[in-house]
Amino acid sequence: MTQEQVLTWTLTVKEMVYYSAELQLPKAMPRSMKRERADRTIREMGLQDSMNTRIGGWGIKGLSGGQKRRVSICLELLTHPKLLLLDEPTSGLDSAASYFVMNRIEKLTRQYGMTVLAAIHQPSSQVFGLFNSLCLLSSGKTIYFGPTFAANQFFAVNGFPCPDLQSPSDHFLITINTDFDEDTHTESTPVEKVIDVLSESYKSSAIYMDVKSEIAAICDHQAEGLTEKTGSLQASSITQCLVLAERSFINMYRDIGYYWLRLGIYIVHGFAVGTIFYNLRPDFGSINARISILVFVSSFLTLLAIGGFPSFMEEMKVFQWERLNGHYGVGSFVISHMISSTPYLLVISLIPGVIAYSLAGLQREYEQFIFFALVLFASMLLVECLMMIVATIVPNLLMGIITGAGIQGLMILSAGFFQLPNDLPQVIWKYPMYYVSFHRYALQGMYKNEFEGRKFPEYLGGPPTIDGEMILKDILQVEMGYTKWNDLGILFGMVFVYRVILFCAIKTTERVKPIITAFLLTSTCVK
């Protein structure tokens with residue numbers, strides 16, 4: 001369990017633990033047994049009265065900081081792991097809650113044969129007494145590593161006895177703390193000297209020899225209890241996808257900022273477009289208006305999808321934390337997110353699309369409207385996945401929004417409207433930007449959908465009628481070598497490609513991030 005608590009804030013305690021049990025516990029275990037273990041773990045952490053309380057966040061009151069930490073511990077205790085790493089498990093808890101939580105964990109270690117390694121700050125005497133072994137580190141040196149009960153004697157023998165009525169843990173930390181050298185020295189002895197004395201004394205002690213012998217025995221035994229493979233005992237990939245999709249669907253439904261706020265904004269824009277270009281007449285003067293509608297819908301309306309980036313960031317944090325703990329694979333996450341987001345994207349494509357399309361008076365046939373809505377839907381899918389990729393690579397909210405908007409801005413510029421395709425500079429903007437911009441295929445598909453088969457009446461000094469195909473080829477420079485359905489097929493093909501890129505981006509980030517972190521840490525240490 002990491003120090004930072006990363007939980008899905010829209011879920012209740014029961015939902016959070018239940019879904020985690022579905023993901024982590026063996027696939028052969030019946031669902032009823034998984035629910036029973038989840039309920040038992042919740043009770044063991046003293047959260048039975050908060051089972052139906054949401055985690056809370058973003059201005060919504062929920063659990064306290066200490067309760068959230070206990071939920072995090074619940075998630076780790078579900079599988080009864082052989083080795084459990086806890087980073088400051090009592091932070092945010094009062095002394096009573098700290099004792100009861102650590103006491104419960106200590107009982108579980110004996111009951112299930114678990115080994116718990118906990119980094120703990122400022123433990124009470126009762127909590128400190130629960131630990132079997134103690135490891136004290138300072139300035140990169142091992143001050144003591146051995147039985148907890150022998151630590152007091154070790155410090156006393158070396159001239160640093162624990163004063164009466166003082167907690168041993170407080171005494172140890174004060175003695176070896178280097179952050180406040182002027183205040184922590186003992187009898188005018190610098191802290192660095194104290195650390196050197198204690199570390200050298202420890203290396204020559206019988207406790208150190210016993211620890212070395214025990215480590216050697218464990219190495220000879222090849223740590224069978226720790227290297228046992230449990231991946232095959234987890235839920236199947238299909239179960240992981242279904243559970244994650246259900247959890248993500250609920251999160252999207254309850255998080256107003258994920259889709260509902262965007263839907264409201266899209267509806268407003270739909271009415272704005274429909275009323276500004278209300279009931280276009282089928283004459284020559286309506287050509288520019290029709291083009292403007294299609295450009296706005298295919299470009300700027302999809303650009304508003306970056307508004308959901310904060311919610312993407314929260315979901316990516318939960319994924320990265322659960323992925324770090326091995327709850328499920330990258331493929332399950334990518335597929336489940338696509339499944340859960342598709343219904344919402346379909347809704348926010350259809351409703352504003354119907355409003356704008358009907359009020360403006362574009363092509364009245366059902367086939368044309370269905371194509372219009374499908375292009376808008378595919379564009380939404382692409383922008384959604386693009387922002388997920390950005391959230392994976394740029395884990396900063398402000399930088400992510402700027403990056404996502406910048407990428408889409410470049411794609412819109414090279415889509416063939418602001419500068420016609422034949423006039424685009426060949427290097428970069430025509431090859432490759434014009435061909436990789438999904439706005440190009442969305443825009444050209446909508447152009448064909450609106451103008452193919454249409455004829456506009458004559459205008460002053462022009463021919464008797466203007467053919468829609470002529471507008472497409474000569475004015476808009478649309479490629480007519482394939483149909484609008486090919487453009488739509490390319491868009492959905494790009495959706496698949498973007499999902500693959502998302503999968504690869506997550507995998508690459510997992511491998512590269514530790515290397516970058518280690519490099520930065522090394523550079524800092526050298527300085």
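Leaving aside neighbours within four places in sequence, which residues is Tyr482 in contact with?

Reply: Tyr482 is in contact with Arg440, Tyr441, Gln444, Lys448 and Asp487, once neighbours within four places in sequence are set aside. Contact here means heavy atoms within 4.5 Å.

A word on the basis. This is a predicted model, in which local features need pLDDT of at least 70 and side-chain atom pairs count only at pLDDT 80 or more, while totals for chains, interfaces and linings use all residues. Residues are numbered from 1 along each chain as its sequence is written, and side-chain values use heavy atoms, with hydrogens and water left out.

Back to Tyr482. The residue sits in the loop between helix H21 (468-475) and helix H22 (484-526). Helices (H or I, at least four residues) and strands (E, at least two) are DSSP runs, numbered from the N terminus. At 23% relative accessibility, Tyr482 is partly exposed. The cut-offs are these: buried is under 20% relative accessible area, exposed is over 50%, and partly exposed is in between, with a 1.4 Å probe and protein chains only. Asn288 is 194 residues away from Tyr482 along the chain, and their C-alpha atoms are separated by 24 Å.

Phe377 gives a contrast in burial. Its relative accessible area is 9%, so Phe377 is buried. This residue belongs to helix H17 (residues 366-393). Not counting residues up to four places away in sequence, Phe377 touches Thr342, Leu345, Leu346, Ser349 and Phe492. Thr302 is 75 residues from Phe377 along the chain, with 9.4 Å between the two C-alpha atoms.

Helix H7 (residues 168-176) has several buried residues: Ser169, His171, Phe172, Thr175 and Ile176. They cover an arc of only 160° around the axis, so they lie on the same side of H7. That arc is taken from the directions from the helix axis to the C-beta atoms. An α-helix has 3.6 residues a turn, so residues three or four places apart point the same way.

Next, the backbone. Most residues other than glycine have a negative phi, and most peptide bonds are trans. Ser139 has a positive phi, near 55°. Its place is the loop between strand S3 (133-138) and strand S4 (141-147). Ser139 is exposed, at 52% relative accessibility. Ile428 also has a positive phi, near 75°. This residue lies in strand S5 (residues 427-428), and Ile428 is partly exposed, at 46% relative accessible area. The peptide bond from Tyr431 to Pro432 is cis, with omega near 10°. Pro432 is in strand S6 (residues 431-432).

Last, the whole chain. The protein chain has 22 helices and eight strands. Its radius of gyration is 31 Å, well over the 24 Å that the globule rule gives for 527 residues, so the chain is more spread out than a compact globule. The radius is taken over C-alpha atoms, and the rule is 2.2 Å times the number of residues to the power 0.38. Along the principal axes, the C-alpha atoms fill a box of roughly 110 × 55 × 45 Å. Buried residues make up 46% of the 527. Of the contacts between residues at least 6 apart in sequence, 72% join residues at least 24 apart.
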